[in-house]
Amino acid sequence: MLFHKYDILDIDASKYSDYADFVSQLNSCIQKTSKRNYDEVYSEIKIMQKKCDLIKQAAIRNNDENTANISFLLNEYLVLLQSIARFWQSCDSLDYPSAWSFLQDGLDSARVLGKFLSEPNTHHILDLKAYLQNFEKFFPYAYFCSIEAVVKKKECSICKRSPFDPACNHIAGNLYYGEMAVNVVTDMEFVAAALVRNPDDKRCIIEIKCDKQNIQSGPFKLIHQTTKSLVVPYLLFEIILTKRRMSRSFYGNWPSDSPCPCGSDKKFKECCSDKEEIENPHYLIKASKQLALVQM
Amino acid sequence: MNVSLKISNSDLTREKLLAISEFTEKTKAKIQNSDILLVPKMQVRDSSHRCFSAPTSDFYKLMKSDMSQYNIGLCENEGEEKTLTLHCIEIWIPDILVSIDPVKDVMLPALVSFIVNYISYKYFQSKDTDEPDVHLKIYVENKKTKVTKSLEYNGKYSGLKALKINAKDIFKE
């Protein structure tokens, strides 16, 4: 079981004319997102995705699977940049539930890139993944809906056969001539739904109302404060977890059946409600560097 | 490290699988002739579906390629394979039935080694650093006595890597 890794800086890809200027255009997308010129970012990404497709088609004609797969990864990098732009645009318009979905899109792309790249931090992918994971911590979502289902029929996205068909030799999640093999479910029966903390897909959230008029006191206040304090997209940051002691009176009429603010996962009445001071988790955000350069 | 392997008696045997009337002659031939047989769960909650765990098709393909010295079969009629998708980031290895001679066995260590490699190949290239739980069930049939024991592992991947299975110990009373 040898896993094929790719180098998106592979010079073979530079033989393809559409590959020229790709890196400076990636850089331009990052800079334009930093300046919040989102529409320009989206139209540039669209043009670059067309270039990726041209590279892929040319590679397929040349029977060059390596370059075809690199074009897939370049496209995935564009999806990552687009997701970050959409995340910030949603935050700017205080639409934090949508921002959460774009955050997940970006993380999915970062995971795919991390899986296939021989040098995992190529184009700062690990930095970007950590950047998005840091934002995740400030959203109010802790439990997620998830279904259990019996899949009666599925087909391989590459050969259209059942993945159990001996003639299908594709492994889901692997790349084949610029396409990722996935199993497409065509018939399934719902069995059950559950609330879980570690879902396969974090997009299925329990909806929390996002009141834009009272964002400072609502459940999205942490992500709101974080994005406002960072000011500029692509300013990478780290989170330092500390403890802060607050007087019991600070919590006023904190509901006794609600989770204790100390973060113990116990009910307040069974934990700190009788204490004079309550120690709670406190996050310090430390800006590190502005991501600007994509080196080739 | 706490490595928890639960060994218990099981009533799953090849004879019992052969008695399932829905299985075609081709499926029954696979049940009889496979060194390593991937078996579905016979019932999922209240439904009557026989279901394999979600990644079974990939597991089967990779196993056929990596353990080509063994005859590997899927205990289901062709075209009727169903899978169960579950909701968490947890790794459900397909249930496996093997028949061994406990004194001479070399298959079980090879099987566990394959499963460890499979998980690394399939899951640890892309997922986050948190280690997901692994669920594994191997039915081991003693070729001579026809007694079947089930080996069940539910725990972290690191625990599975550290697992040492001695076939002789499984059948010790």
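## Inside chain B

V98(B) sits across from V140(B) of β8(B). This is a predicted model, where local features need pLDDT of at least 70, side-chain atom pairs count only at pLDDT 80 or more, and totals for chains, interfaces and linings use all residues. Residues are numbered from 1 along each chain as its sequence is written, with chains lettered from A and ligands numbered from 1 in the order in which they are written.

Strand β7 (residues 95–100) of chain B runs parallel to β8(B), with 5 bridges; strands are DSSP runs of E, at least two residues, numbered from the N terminus, and two of them pair if DSSP finds at least two bridges between them. Strand β6 (residues 91–92) of chain B is also parallel to β8(B), through 2 bridges, and W92(B) has H135(B) as its bridge partner.

Strand β8 (residues 133–142) of chain B is largely enclosed by the rest of the structure, because 7 of its 10 residues are buried (20 or more other C-beta atoms within 10 Å of a residue's own, C-beta atoms being placed from the backbone).

## Where A meets B

Across the interface, 26 residues of chain A are in contact with 26 residues of chain B (C-beta atoms, placed from the backbone, within 7 Å). β1(A) gives the largest share of chain A's side, 7 residues.

β1(A) also pairs antiparallel with strand β5 (residues 83–85) of chain B over 3 bridges, and A149(A) stands opposite T85(B).

Definitions and conventions: Contact = placed C-beta atoms within 7 Å. Helix = DSSP H or I, 4+ residues; strand = E, 2+ residues; numbered from the N terminus. Buried ≥ 20, exposed ≤ 12 C-beta atoms within 10 Å, placed from the backbone.
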